[in-house]
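User: I am new to this model and would like to learn how its descriptions come about. Could you take me through them?

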Amino acid sequence: MAKPAHFSTKDRILGAAEELFAQHGFAGTSLRQVTSQADVNIAAVNYHFGSKENLVNEVFRRRMDEMTGARLAQLERARNEHPGQLRPVLAAFVEPALALAQDRQNGGAFVRVIARAYAEKNDNLRKFLSDHYGHVLREFGKAIATCVPGLSKEELYWRLDFLAGSLTYAMADFGLIKRPAGVTETAHRAHAAHELIHFAEAGFRAPPAAAAPCPPPLIPPSNC
């Protein structure tokens, strides 16, 4: 018989915190709930993480470091093997994220945690993510700019923001398209990646948007 996987105290705390954050949010989860689910005492949390804020950060770091490494490695291959081509660059951004979402054992709860991060206002977490992973978006921005040089930096970053939002939605699998019966999760995610990359490529290649018109002045109501 295969031996059961061994999880360290730190792993158990991170796994419990991730599941609870996914269910109840960051503000709605107490350290007491985490210690109870992980079957550890509060001293173990303090020893490994020091604070709840740092525990939140480390839940993200555990998944984001792996995804970031996969994205940047695929981006480097795209630049070397397909210089100037947009689609491989977009694939490097999209595919590792959807692969994480597909991994139900290691990524399912984390996808819901990402949704919580969008929904809840947590300035400390946003600063942590910006400080540690903002360079990834900038690196993809530079690669995309090489492929579509006609876009201004502002236009480029608008479109990259829209892609990131669409990708998060696709990772959560909340959309109208559900996995058909008889189609594997892997095939469904591959199809989702193909469609999103195709959509994003058209968006990045679209001509720059015209300047938004000024809103009309407010007209006071008639006294008639």
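Analyst: Happy to. This is a predicted model, and its protein chain has nine helices and zero strands. Read from the N terminus, the elements run α-α-α-α-α-α-α-α-α.

User: How do you know what confidence the protein chain has, and where is confidence lowest and highest?

Analyst: The score to look at is pLDDT, which runs from 0 to 100. The protein chain averages 87, and 87% of the residues score at least 70. Confidence is lowest in helix α6 (residues 104-119), with a mean of 78, and highest in helix α2 (residues 31-38), at 96. Over residues 1-6, pLDDT stays under 50, and the model has zero contacts there beyond four places in sequence.

User: What share of the protein chain is buried, and what share of its contacts joins residues 24 or more positions apart?

Analyst: Of the 224 residues in the protein chain, buried ones make up 38%. Among contacts with a separation of 6 or more, 76% are between residues 24 or more positions apart.

User: What makes α5 and α8 roughly parallel?

Analyst: Two packed helices are described by the angle between their axes and the distance between the axes. Helix α5 (residues 86-102) and helix α8 (residues 153-172) pack at an angle of about 25°, with 9 Å between their axes. Angles under 35 degrees count as roughly parallel, so α5 is roughly parallel to α8. On the α5 side, the contact is made by L90, F93, V94, A97, L98 and A101, and on the α8 side by L163, A164, L167, A170 and M171. The crossing of α5 past α8 is right-handed.

User: And why are α1 and α4 called roughly perpendicular?

Analyst: Helix α1 (residues 9-24) packs against α4 at an angle of about 95°, and their axes are 10 Å apart. The range for roughly perpendicular is 65 to 115 degrees, so α1 and α4 qualify. Their contact involves D11, I13, L14, G15, A17, E18 and F21 of α1, together with K52, L55, V56, E58, V59, R62 and R63 of α4.

User: Why does T68 count as buried?

Analyst: T68 sits in helix α4 (residues 52-81). Buried means under 20% relative accessible area; T68 is at 9%, so T68 counts as buried. Not counting residues up to four places away in sequence, T68 touches Y133 and V136.

User: What makes D39 exposed, and what is its phi?

Analyst: Exposed means over 50% relative accessible area. D39 has 65%, so D39 counts as exposed. D39 is found in the loop between α2 and α3 (42-48). Its phi is positive, about 60°, although D39 is not a glycine.

User: Why is E95 called partly exposed?

Analyst: Partly exposed lies between the buried limit of 20% and the exposed limit of 50%. The relative accessible area of E95 is 36%, so E95 is partly exposed. E95 lies in helix α5. Leaving aside neighbours within four places in sequence, E95 is in contact with Q74, A193 and I197. From E95 to L167 is 72 residues in sequence, and 9.6 Å in space from C-alpha to C-alpha.

User: Why is A200 buried, and which residues does A200 contact?

Analyst: A200 lies in helix α9. Its relative accessible area is 7%, and under 20% means buried, so A200 is buried. Leaving aside neighbours within four places in sequence, A200 is in contact with L90 and L163. The C-alpha atoms of A200 and A91 are separated by 9.9 Å, although these residues are 109 residues apart along the chain.

User: What is the reach of α8, and what follows α8?

Analyst: α8 has 20 residues and reaches 29 Å from its first C-alpha to its last, close to the 28 Å expected. Its buried residues include E155, L156, R159 and L160. After α8 comes D173, with a positive phi near 60°.

How values were computed: Residues are numbered from 1 along each chain as its sequence is written. This is a predicted model: local features need pLDDT of at least 70, side-chain atom pairs count only at pLDDT 80 or more; totals for chains, interfaces and linings use all residues. Side-chain values use heavy atoms; hydrogens and water are left out. pLDDT is the predictor's confidence in each residue, from 0 to 100. Helices (H or I, at least four residues) and strands (E, at least two) are DSSP runs, numbered from the N terminus. Contact means heavy atoms within 4.5 Å. Axes are lines fitted to C-alpha atoms, for helices over the stretch in contact, and angles run from 0 to 180 degrees between N-to-C directions. Angles under 35 degrees count as roughly parallel, over 145 as roughly antiparallel, 65 to 115 as roughly perpendicular and the rest as oblique. A crossing is left-handed if the near helix is turned anticlockwise from the far one by less than a right angle, and right-handed if clockwise. Buried means under 20% relative accessible area, exposed over 50%, partly exposed in between (1.4 Å probe, protein chains only). The expected span of a helix is 1.5 Å times one less than its number of residues.
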